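Notebook open, model loaded. I'm jotting down what I look up as I go.

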Amino acid sequence: MLRQSIEAAAITVTEREGQQEKAGTPAVRRPQVVILGAGFGGLNAAIGLRNAPVDVTVVDRRNHHLFQPLLYQVATAALSPAQIATPIRRILAGQKNATVLMEKVEGIDTTTRTVLTTSRRMPYDYLVVATGARHAYFGHDAWEEAAPGLKTIADATEIRGRILTAFERAEATEDAALRQKLLTFVVVGGGPTGVELAGAIVELAHNAIVRDFRNIDSSTARVVLVEADKRLLTAFPETLSDSARRQLEKLGVEVRLGAAVTECDDNGVTLADGRHIASVCILWAAGVMASRAAKWLGVPSDRAGRVIVDERLHVPGREGVYVIGDTAAVKGRDGRPVPGVAPAAKQMGRYVASLIEARLSGEAVAPFRYADYGNLATIGRRAAVADLGRIKLGGLPAWLLWSLAHLWFLVGFRNRIVVFLDWAWAYATFDRSARLITGRRER
């Protein structure tokens, strides 16, 4: 039950209470759980509370849950957005204690325990913040215009438009220097997203569209992967980092290691050693920054903006508030930060759901413990790396494991079938079925 001060502060009541009052039945108020964000963490928290004696409200500024690990395939025309996204309402349609609101969060009042959105104030007994992260430009936010990052469907369709438009413009121009610039693609960042993008662009240019043009040979396209560190995929063992680099170079990607970007604009990128790479299509995959959750809550954060939580994912000094997923800074058993990956967010979501249920019944819950089942990164057709602890894989075996894992975790049986059929067709024919330029302003 909320305190009297909270009840007085709330401007609105839940839809359920309103319906009960209209029917003439006294409203029986149950604990209110508000979940901000319907990514892997938020969605698993909501589903974990399906049988709990609470009312759950899921708030997200978009109406869909996105399977982010396959977002790069939308950006490179292999899949369409609908194949990796599912309406949140469809996922929670059978959960009677869950309400979904498409709202933008403006702030959190922890004194009165209310969430402020663009249209209402929502009281909470328990608040789960799972608002994710965006790409970071390390103090160079102006670079975003020239080098978009990849976190949303809008980002993916924008990048897809930029890539395909570059080929179209190269086909139309008679200027040899401009054509070379248009057929040069720069990916900044050697983490999983950067590696996946670089490999996918090469495969698009060398195989999928090579027969589509008459004035250009798309297989001559140059893809440059730039990484400031001395190796790719720093979260992986060095042997797998080296394997990833070799597999990328075999596909045709130019890998530049120890090459920090010092300038970035519509004409290309300049590296710390003074070299300039002329390109009109630069993609950013070099870092992430958490949402504004720490500012909303008025609590400390780490350098990436993630909220510092305790071993139960609770925010110290903020009663009933939990932060999970990419928004949370939490350490694992080995003392190292839990990685910002989908399995970790899902585990946190399920853990917080069980913790809330336990608190309602007065039971104790052990601290959160992240179970690391391994790390996967795909590079291209039959090329990937997999770190499964003692077992380390590269090439085709890692790619098959990556494919099966991602198909399994896709939300919805229909999505799995559609993506599998598209992958099978693309594998057999090298075709990319989603080569549409949409949503871009004409210039």
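This is a predicted model: local features need pLDDT of at least 70, side-chain atom pairs count only at pLDDT 80 or more; totals for chains, interfaces and linings use all residues.

**Helix H12 and onwards**

I started with helix H12, residues 396-409: it has 14 residues and reaches 20 Å from its first C-alpha to its last, close to the 20 Å expected at 1.5 Å a residue. The expected span here is 1.5 Å times one less than the number of residues. My helices (H or I, at least four residues) and strands (E, at least two) are DSSP runs, numbered from the N terminus.

Residues are numbered from 1 along each chain as its sequence is written, and side-chain values use heavy atoms, with hydrogens and water left out.

Which residues of H12 are buried? I get Ala398, Trp399, Trp402, Ser403, Ala405, His406 and Leu407. Buried is under 20% relative accessible area, exposed is over 50%, and partly exposed is in between (1.4 Å probe, protein chains only).

**Whole chain**

I find 13 helices and 24 strands in the protein chain. Of its 443 residues, 51% count as buried. For contacts (heavy atoms within 4.5 Å), I looked at those with a separation of 6 or more: residues 24 or more positions apart account for 62% of them.

**Cysteines**

I searched for disulfides, meaning pairs of cysteine sulfur atoms within 2.5 Å, and got zero.

**Rings**

I paired rings of Phe, Tyr and Trp (its six-membered ring) if their centres lie within 6.5 Å, with planes under 30 degrees apart as stacked, over 60 as edge-to-face and the rest as tilted. That gave me seven aromatic pairs. One of them is Phe167 with Phe185, tilted, at 5.2 Å centre to centre and 35 degrees between the planes. Phe167 lies in helix H6 (residues 153-172) and Phe185 in strand E11 (residues 184-188), so the pair ties together parts 18 residues apart in sequence. Both Phe167 and Phe185 are buried. I also noted one aromatic cluster formed by Tyr137, Trp143 and Trp284.

**Positive phi**

Most residues other than glycine have a negative phi, so I looked up two exceptions. Leu233 has phi near 45 degrees; it sits in the loop between strand E12 (222-227) and helix H9 (238-251) and is buried at 2%. Leu313 has phi of about 65 degrees, in the loop between strand E19 (307-308) and strand E20 (321-323), and is buried at 0%.
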